[in-house]
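Here are my notes on the model, point by point. Please read them with the coordinates open.

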Amino acid sequence: MDLLLNTLVDKGLRRELPTREEALAVLATSDDELLDVVAAAGKVRRQWFGRRVKLNYLVNLKSGLCPEDCSYCSQRLGSKAGILKYTWLKPDEASKAAAAGVAGGAKRVCLVASGRGPTDRDVDRVSQTIEAIKEQNEGVEVCACLGLLSDGQADRLRSAGADAYNHNLNTSEGTYGDITTTHTYADRVETVQQAQAAGLSACSGLIAGMGESDNDLVDVVFSLRELDPDSVPVNFLIPFEGTPLAKEWNLTPQRCLRILAMARFVCPDVEVRLAGGREVHLRSMQPLALHLVNSIFLGDYLTSEGQTGQADLDMIADAGFEVEGAGTTTLPQHRATAGGGCGSHDGGCAPCGDGDTTASAGEPSSTEVPATRTDLVAVRRRGAGTDLAPNA
């Protein structure tokens, strides 16, 4: 074990890709070895990001009403989850919601809208929203997450002031068809590449806990390394009642930490973000995850509630980390000067963390069945789309 971890640390400090066997070995470590794994990955995290934690804040511009059939999502076609449903927020409404997150310490605002992808009129709406947010919040980064992009739309968002675009791969290419039939894995890759070509900082990540094997997890993280986004959000499935994956409770806090460590070793100098589902699956182990990730979401998610914004800030301080300021460049210099700089979420996917997939090829590394904690799944009833104050 010491040899494996020393090798992974050395490779991470050199930005060298681990082998598949090494990545799989991280996922296969025992609970007795877990703190050693966290400590090793923490060395890589500190090399590239020190003890800084970037805060991101979600604004759900349009909730529910999605025509896509992504099995994990509470906003999907046919979802019976009792989530908020509303059409587009006006630019001033979205800007007001964003201001709450910025006031709470968020450096980036992530504008998300459910749907297959934006129409040209939708891009106009979001462009107006970006301009309103930038006008009222000096120095804030804005990431758009609107689904599949058509030709020219990424350029228009960039011209409006967007810094980043999020579109997640979610799971391995080999099992993607098990979770979604209305678009393809290749469609997702193409959208990320369009964002990169337009000069937007690309953000693309995954959802764990959908019944996937260790091989699937390694496949998607290696694919992300090849795609080379600046930001990799790691979501943990929130099994919403009313979605096909409502019974998929496959994660333990220890499993989540191993997944985050593996992502850090494979993507050492990338903004790895702890995203949807952390409160549900990591629970009291969340502070340990800060030794692996350098970015989190503040407050609530798209359709579910997170812990309070103040609890997030207290957790960061108590664990000995510090909130990254607006005047600090997130990415290491070699990445920032290469055209990147930012990173976040996907129209109708990532941060909602609701999820579904049928079991994929290969057996999970552990046969233990974690306790189902449906009591920790809370549908968002405050913030954007409501008359109640947001959680920030």
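Are aspartate 214 and arginine 255 buried or exposed? Both aspartate 214 and arginine 255 are buried (buried means under 20% relative accessible area, exposed over 50%, partly exposed in between, with a 1.4 Å probe and protein chains only).

1. Ground rules. This is a predicted model, where local features need pLDDT of at least 70, side-chain atom pairs count only at pLDDT 80 or more, and totals for chains, interfaces and linings use all residues. Residues are numbered from 1 along each chain as its sequence is written, and side-chain values use heavy atoms, with hydrogens and water left out.

2. The side chains of aspartate 214 and arginine 255 form a salt bridge at 2.8 Å, N to O. A salt bridge here is a side-chain nitrogen of Lys or Arg within 4 Å of a carboxyl oxygen of Asp or Glu. The structure as a whole has 24 salt bridges. Aspartate 214 sits in helix α9 and arginine 255 in helix α10 (residues 253–266), so the pair ties together parts that are 41 residues apart in sequence. Helices (H or I, at least four residues) and strands (E, at least two) are DSSP runs, numbered from the N terminus.

3. Arginine 278. This residue lies in helix α11. Its relative accessible area is 0%, so arginine 278 counts as buried. Its side chain makes a salt bridge with that of glutamate 279 at 3.8 Å, N to O. Glutamate 279 is buried too, at 14% relative accessible area. Elsewhere, salt bridges that share partners join Lys54, Arg108, Glu141, Glu271 and Arg273 into one network.

4. Polar partners of arginine 278. Its side chain makes a polar contact with the side chain of glutamine 286 at 2.5 Å. A polar contact is a pair of N or O atoms within 3.5 Å; within protein, one must be able to donate a hydrogen and the other to accept it, and residues adjacent in sequence count only if both atoms are side-chain atoms. Leaving aside neighbours within four places in sequence, arginine 278 is in contact with residues including Arg283, Tyr301, Asp312 and Met315 (contact means heavy atoms within 4.5 Å).

5. Aspartate 312. What does the side chain of aspartate 312 reach at 3.0 Å? The backbone nitrogen of glycine 299. The side chain of aspartate 312 also makes a polar contact with that of arginine 278, at 2.9 Å. Aspartate 312 belongs to helix α13 (residues 309–318). At 0% relative accessibility, aspartate 312 is buried. Beyond four places in sequence, aspartate 312 touches Arg278, Ile296, Phe297, Leu298, Gly299 and Gln307.

6. Backbone checks. Most residues other than glycine have a negative phi. Aspartate 228 has a positive phi of about 60°. Aspartate 228 is in the loop between α9 (214–227) and β7 (231–236), and is partly exposed at 38%. For arginine 283, phi is positive and near 50°. Arginine 283 lies in the loop between α11 (278–281) and α12 (286–289), and is partly exposed at 28% relative accessibility.

7. Cavities. There are two cavities of 30 Å³ or more. On a 1 Å grid over the protein atoms alone, a cavity is a set of points where a 1.4 Å probe fits but cannot get out, and a pocket is an open set with protein on both sides within 12 Å along at least five of seven lines; lining residues have an atom within 4 Å of a point. Grid points are joined across faces, edges and corners, and a volume is the space filled by probe spheres set on the points. The largest cavity holds about 110 Å³. Of its 14 lining residues, the closest to the centre are Tyr57, Leu58, Tyr301, Arg380 and Ala384. Strand β1 (residues 52–62) gives the largest share of that lining, four residues.

8. Second largest pocket. Its volume is about 260 Å³. Of the 13 residues that line it, the closest to its centre are Glu93, Lys96, Gly383, Ala384 and Thr386.
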